[in-house]
Amino acid sequence: MLPIAPLMIEHRLIESMAAVMKEQAEGLHAGQELDPRFIPEVVDFMRTYADRTHHGKEEDILFKVLKGKKLSGEHRRVLEKLENDHLRAREMVGKLSALGEEYLNGSPSAAYQASILMKDLVAFYQAHIELEDQGFFVPVMEYLSTEERQVMLEEFKDFDSRMVYERYNKTVQRLGGGREVHLAREEGDRWRCRVCGYIYDPKEGDPDNGVPAGTAFADIPDDWVCPVCGAGKDAFEHL
């Protein structure tokens, strides 16, 4: 599978959201009322999925690698345009978020302004996705070796895992009053590295690497790694 496949799959979901936004905008023009939850949910989707997750993989991985290649003049021009598009999208979503706040605060004109902005955002993403899918993604794969393509696929998977963790870690901390909260664990609570089989036992800790005996697995610093194979904490499973 080419590394552009996951990106194009994500495009389909973004297009589905665009269709929902277009339908809502048309309804507002026809006199329908705006559900106060609609804009915040659209903004959350656009910021978390379309931008942080989708654009994030493009900018931090794909585009970064391509910038190190000898791209043709046309491909370099398109790459610069795509990056500028991302900046424009963030600006538009920021304005939509502000209009959502105004609507919640009782502004009667905010819903109409939001409907116009949503139509603009839909048209913007349609053109942006078409450019990537039909005029950029496939040809630029020729700049990458088979090994580079495989590495990029793995980096995409790791990126998505981090995004999911980041998203829900923030949710947990918000619900916990801005602090990390851990369940009390039994003294014998043990964790096994799925890579090499090493077992972390809180009774013993890992003193050679700065983790004293009696430290629960949840309280080990996030940058700690398996002392045998070097795998991160996310490679461990509870026994």
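**Exercise 1. At what angle do helix 1 and helix 4 pack, and how far apart are their axes?** Then classify the pair and describe the contact.

*Solution.* The model is predicted.

Step 1. Locate the helices. Helix 1 covers residues 4-29, and helix 4 covers residues 110-135.

Step 2. Read the geometry. The angle is about 155 degrees, and the axes lie 9 Å apart.

Step 3. Apply the cut-off. Angles over 145 degrees count as roughly antiparallel. Helix 1 and helix 4 are therefore roughly antiparallel to each other.

Step 4. The crossing of helix 1 past helix 4 is left-handed.

Step 5. Sort the contact residues by class. The contact of helix 1 with helix 4 has 14 nonpolar, 4 polar and 7 charged residues.

**Exercise 2. Describe the packing of helix 1 and helix 2 in the same way.**

*Solution.* Step 1. Take the angle and distance. Helix 1 and helix 2 pack at about 155 degrees, with 11 Å between their axes.

Step 1. Classify the pair. Helix 1 and helix 2 are therefore roughly antiparallel.

Step 2. Helix 1 passes helix 2 in a left-handed crossing.

Step 3. Name some of the contact residues. Helix 1 contributes residues including Leu7, Ile14, Met17 and Met21. Helix 2 contributes residues including Phe38, Val42, Met46 and Tyr49.

Step 4. Count by class. This contact of helix 1 with helix 2 has 13 nonpolar, 4 polar and 3 charged residues.

**Exercise 3. Which residues touch the most other members of the largest nonpolar core?** Trace the elements that build this core, then look at one of its members.

*Solution.* Step 1. Name the residues. The core has 29 residues, and Met46, Leu96, Leu121 and Tyr125 touch the most other members.

Step 1. Find the sources. Helix 1, helix 2 (38-66), helix 3 (73-104) and helix 4 each give two or more residues to this core. Helix 4 gives the largest share, 10 residues.

Step 2. Follow Leu96. Leaving out residues up to four places away in sequence, Leu96 touches Ile39, Val42, Val43, Ala114, Leu117, Met118 and Leu121.

Step 3. Look beyond this core. Another core, of 19 residues, lies apart from it; among its members are Ile61, Leu66, Leu144 and Phe159.

Terms used:
Residues numbered from 1 in each chain as written. Predicted model: local features only at pLDDT ≥ 70, side-chain atom pairs only at ≥ 80, totals over all residues. Heavy atoms only, no water. Axes fitted to C-alpha atoms, helices over the stretch in contact; angles between N-to-C directions. Helix = DSSP H or I, 4+ residues; strand = E, 2+ residues; numbered from the N terminus. Parallel < 35°, antiparallel > 145°, perpendicular 65-115°, else oblique. Left-handed = near helix turned anticlockwise from the far one by under 90°. Nonpolar A, V, L, I, M, F, W, Y, C, P; charged D, E, K, R; others polar. Core = buried A, V, L, I, M, F, W, Y, C linked by side-chain atoms within 4.5 Å. Buried < 20%, exposed > 50% of the residue type's maximum accessible area, 1.4 Å probe, protein only. Contact = heavy atoms within 4.5 Å.
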